[in-house]
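Please examine the sequence and the structure shown below.

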Amino acid sequence: MVKVYRQGDVILVSADDVNIYDGWMEDDMLIIRSETGNAHVLEMPVYRYAGALYVDVKRQSVMKHPEHPPLRIEPGKYRVLTVRDYFLNNITD
Amino acid sequence: MARYVHVGIGASGDATHVIVLSDYANSKALRKGMNTLLRKYSATLYPWIEVVTRKFATFAVHRYRSWFRDYHVFECTEAQDFCGLYRLLIFINDWIAEYGRYSEAKGIQEELNEIIRKSEWISDMIDNLWNLAKKLWELEIIINQRIAAARQRMFKRFETHHKENTAILEKYFPELTAPVIRAFGTHFAIREYLENKNIQHAPEYAWLVHQNKAIMILNNGKFELLTELPPEKIGGLSVYADSCEDTDKFATCKLVTIHNNAVLWVAVVGVDKLTNQRFIHYVPSTFLLRDVETCRRWVLGLVNDHGKPIYDNVELIET
C-alpha cells in the first residue's frame, strides 16, 4: 500500500524502502512556500537523497498551512513532491 | 535532369548516408554549389539504400570515399534511371514514416522489401516501385479521409460534453462559458501584462503563449485566455469542458482548447471548496480523451503520461 498525502500543491509519497539516511539532513523542519506566500509546515527532519527531498516523520504529525485544513501524517518516510504542470515543467527556450 | 546520382553510405553502425544529384561523376560533386541534395542522415532510409546500392554496385560508373562514407556514382539515363530509383525510394520511405502507423499501411514495408529482393533489373525495380507509389497515393487519400472523419466526430463529442457540463461551469467557472480573450501583439507585451498583474511564472507563460497560440491563466481568481493571434483569427479559438467532476472537496473540469480544427492543449481547472482556491494545471495531450479524474491524478503524479497508475494500491489522503 502506497500512502499519498496531498495538501494544496504539496504531495508526500511514502518511501519506506528508500534509505534516506545515506543522504544528508537538510533541515529539521519541512517548509514549502505556496504561490500565495504562505507556507506548508511539517515539523519533522528533511533529508536530501539522490537529488530528491524526503521527510522523516518519526511520529504521527500534522502538516499545517493557514489556508488549508491540517493534514495528519502517519509515521514513515515520504518523498516530497509538488503538483505537476506539463507546460511549466517542460518549457524550453 | 542531373547526369549522375552519388550515393554515400556510412558504416552500418553509423547508419547515415548522403544522396546527391550532380553533373559531375567524381568527388567534385560534393563541393558546395555542385549538387542537389536529395537526402541526408535518414536512419529509416538506410537499410533500403544500402541493399539497393550493393545490389546494383556493378553498374556504378565511379566509386570514391569521402568523410567516412563509400560513394557509388550511378549514371542517370533513360534506360537506367538511377536518379528516379533513389527518388522513389526516398518518397516511399517518407510515406512510411508519415503513414506507416495506420492500419491501412499494414504490409507496405514487407511489400517494399519484396520488390527490392525480387527485382533483378533496374527497370523492373523502378516499374514495381512506381506501382507501389501509386498504391500509396491512393492509401493516403483513404487515410486522410478517415482522419478527417474521426476528427469531426471528436469535435462533435467535445461540443456535446461541453453542453452536458454547462451546469457545473455556470456554478463554479461562469467565465468559462464565454472566456475572456486578451490579444497581444508580442509575447513581450504579454509578459509585461502578466508582470503588472503579479502573475507567477510570467516569463514562462508569455513564452508558452508564443509557442501555443493561446494559453489560459488565472488572473485575480478569474480564468482568461491570452493569445498572440491577430483579431481576424481569434474566432477560430474554442474552449470545451470535455469532462467535469463535482465532489464535496473540489470541482474540476478538463478543458480542451481548439484553434481551426487543431487541438492546442489540455488542462485541468478546478476550485478547492475548502479553501476556495482556484487552479489550472496543463496535462499532456495524451489525455485528450481521458476523464478529468485521470488528468487530476497525472497532476498529482499518480499516473504516467499514458494514464497508467505509477503505484500499485494507492491510498490518497487529501485536504
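How many bridges join strand β8 of chain A to strand β9 of chain A? There are 4 bridges between β8 (residues 61–65) and β9 (residues 68–73) of chain A, and the two strands run antiparallel. Strands are DSSP runs of E with at least two residues, helices are runs of H or I with at least four residues, and both are numbered from the N terminus. Two strands pair if DSSP finds at least two bridges between them.

The model is predicted: local features need pLDDT of at least 70, side-chain atom pairs count only at pLDDT 80 or more, and totals for chains, interfaces and linings use all residues. Residues are numbered from 1 along each chain as its sequence is written, chains are lettered from A and ligands numbered from 1 in the order in which they are written, and side-chain values use heavy atoms, with hydrogens and water left out.

**Strands**

β8(A) and β9(A) form a hairpin, with 2 residues between them. Chain B holds an open sheet of 5 strands in the order β3-β2-β1-β5-β4, with antiparallel pairing. Its edge strands, β3 (36–40) and β4 (62–66) of chain B, each pair on one side only. Within this sheet, β2(B) and β3(B) are joined by 4 bridges. Two bridge partners are listed here.

| Residue | Bridge partner | Strand of the partner |
|---|---|---|
| M63(A) | L71(A) | β9(A) |
| I19(B) | R39(B) | β3(B) |

**A helix across the sheet**

α1(B) lies across β1, β2 and β5 of chain B and runs at about 120° to β1(B). This angle is taken between N-to-C directions, from 0 to 180 degrees, with axes fitted to C-alpha atoms, for helices over the stretch in contact. Contact means heavy atoms within 4.5 Å. The buried residues of α1(B) are Y46(B), W48(B), I49(B), V52(B) and T53(B). Seen down the helix axis, the buried residues of α1(B) fall within an arc of 165°, so they line one face of the helix. The arc is that of the directions from the helix axis to the C-beta atoms. Buried means under 20% relative accessible area (1.4 Å probe, protein chains only).

**Cores**

A nonpolar core is a set of buried Ala, Val, Leu, Ile, Met, Phe, Trp, Tyr and Cys residues joined through side-chain atoms within 4.5 Å. The largest has 41 residues, and L129(B) is one of those with the most contacts inside it. The largest share of this core, 11 residues, comes from α2(B). Leaving aside neighbours within four places in sequence, L129(B) is in contact with residues including L85(B), I92(B) and I115(B).

Technical notes: Buried means under 20% relative accessible area, exposed over 50%, partly exposed in between (1.4 Å probe, protein chains only).
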